[in-house]
Amino acid sequence: MMAGDPRLLLQSAPFLRRGITTPRLMTEVIIGMGPVILAAVYFFGISAIFVMLATTAGAAGAEWLLGPARPRGRTLKDGSAILTGIVLALCLPPGFPLWMAFLGGAAGICLGKLAFGGLGQNMFNPALVGRAFLQAAFPGAITTWSAQGDIGGFFTVRASNFAAPFMQATPDAVATATPLGLMKFEHQTTPLTDLLLGNTAGSLGETCAIVILLCGVVMAVRRAFDWRIPAAILLSVTVFSTVVWAFNTEKFPAPWAMLTSGGLLFGAVYMATDPVTSPVTPRGAWAFGAGIGVIVVLIRLWGGLPEGVMYAILLMNAATPLIERVTQPRPFGRGAIEHE
Amino acid sequence: MSSLPNRKSFRHGVHPLEHKEETEHLPLERMPFVGRYVLPLGQHIGAPCRAVVRAGEKVTRGQLIAEPGGFVSTSLHSPVTGRVVDVGPHRQGNGQLVPAIQIEADPYSSQQFRERDPVDPFAMGVDEFAASVQRAGLVGLGGAAFPSHVKYKLPEGKACERLVINGCECEPYLTCDHRVMVERPAEVVRGVSILAEKLGARGAWIGVEMNKPDGIDSLRAHLPAGSKITVAPLAVKYPQGAEKMLIKAVFNEEVPAGHLPLDIGVVVNNVATMACLTDWFDRGQPLIERALTVAGPGVDRPANLIVPIGTPIRDVLRHCGINRDTRQVVMGGPMMGMPLATLDAPVVKGTSGLLAFTDNMVNHPTEYACVRCGSCLEACGNFLNPSRLARLARAGRYEELEGAFVMDCMECGACTYTCPSSVPIVHLIRAAKLTIRQRKAKQG
């Protein structure tokens, strides 16, 4: 049928695009994480790089092998697997055996993302699924923290990094407790300046509070993520822990120590803000963040573990569909939204 | 932003690149007459009109050639002096065959419009006024082409307290309304005064975005002292020209969903329509020509043209130097316009622009998975959840779509514009709405 000029292309409006793509958003988050990565390398030496490479290789490998075929590796281009790998590495201890790290990255992508149907469909943050997997499989290795500067120099590699697969991972000679561990089991407090500057033991990316905070502010201004989520988390942790602390300043840690120690800041800025697993609705984002904050404080103060950010985020990830259901925006020109 | 004086707007929305700079300073010029004109009988919303001329008949410029086919329908006039050569099917922009009157221009005619004496609209009754507007063939010139007299004939029990004139022109590239405000402010203001008086409105507000300061100034300079017309400068944002968004911007009031602006006592009209209203009452010129913008990298000489209705689009584009790189021609704006399947289609009453796009502009990035980033929620002026609507539409879950208020969507395309994953959100919504309407029609 001669429907008209054959050269004319028919598409559906709108014909303009903002020009920002999903891979670019992912890249922006990775770049926004740059200073945290540099801080990790600065504090923990070349081991940090090894752990990051191992998790990223695991994550990207799993995505390539088990992700959508035709063409194989198509979904690697969206950058999300690489992001998962880096985030996972940043919440592991520096002396972590590399084979475990590789496995963690692969498990995060397989169980946390591909099992649900790939990017956008997953219920839980893949990096945290990877970490939960490692915590369950290797509880010893993942809680063996080495202090900064425990080794000779930048290029000295921790022996435990190269532990052979399925052999007993040899713990480091100098195992140190994290500030939260000290707080919980030995009732010692760590000076605030150490917490802020990162002069403590801990996972690769979580020690230096100042760097994470600054990166978070820059990324929030650049709208790389929904600023409401970290704001809600920090607010609720502050409020909740201040109330508890006011009851008994001897027994409970001060709110500023709660805010700056452990993985709270890193989790709030880089993990809870994963758009796929957090509510899209603005009011939902506030509820989501507040819930994480409350659970973190509950686990830290009364739970069996010293740290609870991972489980707090995973639990609220699971609650996201419910939160969204009750926080749908009020459509223009309609009264209170009618729920079915 | 909203706290600053004179920076009114609605909430949410997007800020596309304006691309107005290439035409906003180009004065309106007349498109030369061409050989043949095509006038589809259904170029407005509502029932198509009925031809009252036959092939072979001679017509003069401005002569009635088709009468309204119902109340929600309007008249059609010959844009040229010449001879009717055909009344029958002709291909329109979307590729469909529609009934149309074809007129061959008389090459020896001066094509001068013979003016009649001014008619005093103030002396008319309201019904007589609306009937007169219907005889003028006037429709909303913003793009929807809704017959104007329907809005002017207020139903029993409804009153128009406030008249809002839409001078937003929020679509990128388009500048014809802008030029009308700059070059024909007296006609616009007179049209607004006539209409405000006839509708019994207590005031009229002309909403103009701040990217047209000369338009605002020229309109203000022509407001008579003590006039009840206000020019309201608005912040630049898309889709401010959508009438409910415009009312929100001007009055900070929401028209209830599923209702018309008239239900809160507001009537909205386009600025260019006002100038045509003046032309009709003062000179007797019906809607036989309109201003439109021809722009985009596919034309060498972008322009703001006054084009006789019915001019084939191919002729208009040739006049503006269409080049070989053109890959897509869009009728209307780039956000809500319609891509043309054929350039033989004519300029109709609702044609606000012709945009010629080249290869690098028509290749949109590949679609990625929705990462639920929430950009579309922040773009949607109707406060819907477009990502959810798109997901439900893909799954064909029509009952849930209705529960998520898909029918409230005005299809402005802001969600698709902003989506980083290039999900064709508004396309999916449009298709779903069509299916829902068809299902309803089948049931009832």
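In helix H1 of chain A (residues 22-32), the buried residues are A:Thr22, A:Pro23, A:Met26, A:Glu28, A:Val29 and A:Gly32, where buried means under 20% relative accessible area, exposed over 50% and partly exposed in between, with a 1.4 Å probe and protein chains only. The model is a predicted one, in which local features need pLDDT of at least 70 and side-chain atom pairs count only at pLDDT 80 or more, whereas totals for chains, interfaces and linings use all residues. Residues are numbered from 1 along each chain as its sequence is written, chains are lettered from A and ligands numbered from 1 in the order in which they are written, and side-chain values use heavy atoms, with hydrogens and water left out. Helices (H or I, at least four residues) and strands (E, at least two) are DSSP runs numbered from the N terminus.

The buried residues of H1(A) pack against helix H2 (34-44), H4, helix H10 (209-221) and helix H13 (264-271) of chain A, contact being defined as heavy atoms within 4.5 Å. Helix H4 of chain A spans residues 80-90 and contains A:Thr84, a residue that counts as buried because its relative accessibility is 8%. When neighbours within four places in sequence are left aside, A:Thr84 is in contact with A:Ile109, A:Pro126 and A:Ala127.

Chain A as a whole comprises 15 helices and 2 strands. Along the principal axes, the C-alpha atoms of chain A fill a box of roughly 80 × 50 × 30 Å. Of the 340 residues of chain A, 56% count as buried, and among contacts with a separation of 6 or more, 75% are accounted for by residues 24 or more positions apart.

A:Ile49, A:Leu53, A:Phe154 and A:Phe155 make a nonpolar surface patch of about 410 Å². Patches are made of residues with over 30% relative accessible area and no salt bridge, like charges being joined within 9 Å and nonpolar side chains (Val, Leu, Ile, Met, Phe, Trp, Tyr) within 5 Å. A:Phe154 is found in the loop between strand S1 (145-146) and strand S2 (175-176) of chain A, and with 35% relative accessibility A:Phe154 counts as partly exposed.

In chain B, an open sheet of 6 strands with mixed pairing has the order S1-S14-S13-S17-S15-S16. Its edge strands, each of which pairs on one side only, are strand S1 (28-30) and strand S16 (338-339) of chain B; two strands are taken to pair if DSSP finds at least two bridges between them. Strand S15 (residues 326-331) and strand S17 (residues 353-358) of chain B run antiparallel and are joined by 5 bridges, with B:Val329 standing opposite B:Ala356 in S17(B). Elsewhere in chain B, strand S7 (residues 82-91) and strand S8 (residues 97-105) pair in the antiparallel sense over 9 bridges, and B:Gly88 has B:Ala100 in S8(B) as its bridge partner. S7(B) and S8(B) form a hairpin with 5 residues between them, and B:Gly95 in the turn has a positive phi of about 100 degrees.

Over all chains, the count comes to 31 salt bridges, a salt bridge being a side-chain nitrogen of Lys or Arg within 4 Å of a carboxyl oxygen of Asp or Glu. In chain A, the side chains of A:Arg228 and A:Asp226 meet at 3.0 Å, N to O; A:Arg228 is buried, with a relative accessible area of 15%, and A:Asp226 is buried, with 19%. In chain B, B:Arg162 and B:Glu253 form a salt bridge at 2.9 Å, N to O. B:Arg162 lies in strand S9 and B:Glu253 in the loop between H6 and S12 of chain B, so the pair ties together parts that are 91 residues apart in sequence. B:Arg162 is buried at a relative accessible area of 7%, whereas B:Glu253 is partly exposed at 30%. Salt bridges that share partners also join B:Glu115, B:Arg184, B:Glu187, B:Asp279 and B:Arg283 into one network.

Notes: Accessible areas come from the Shrake-Rupley method with a 1.4 Å probe; for residues, only the protein chains shown count as cover.
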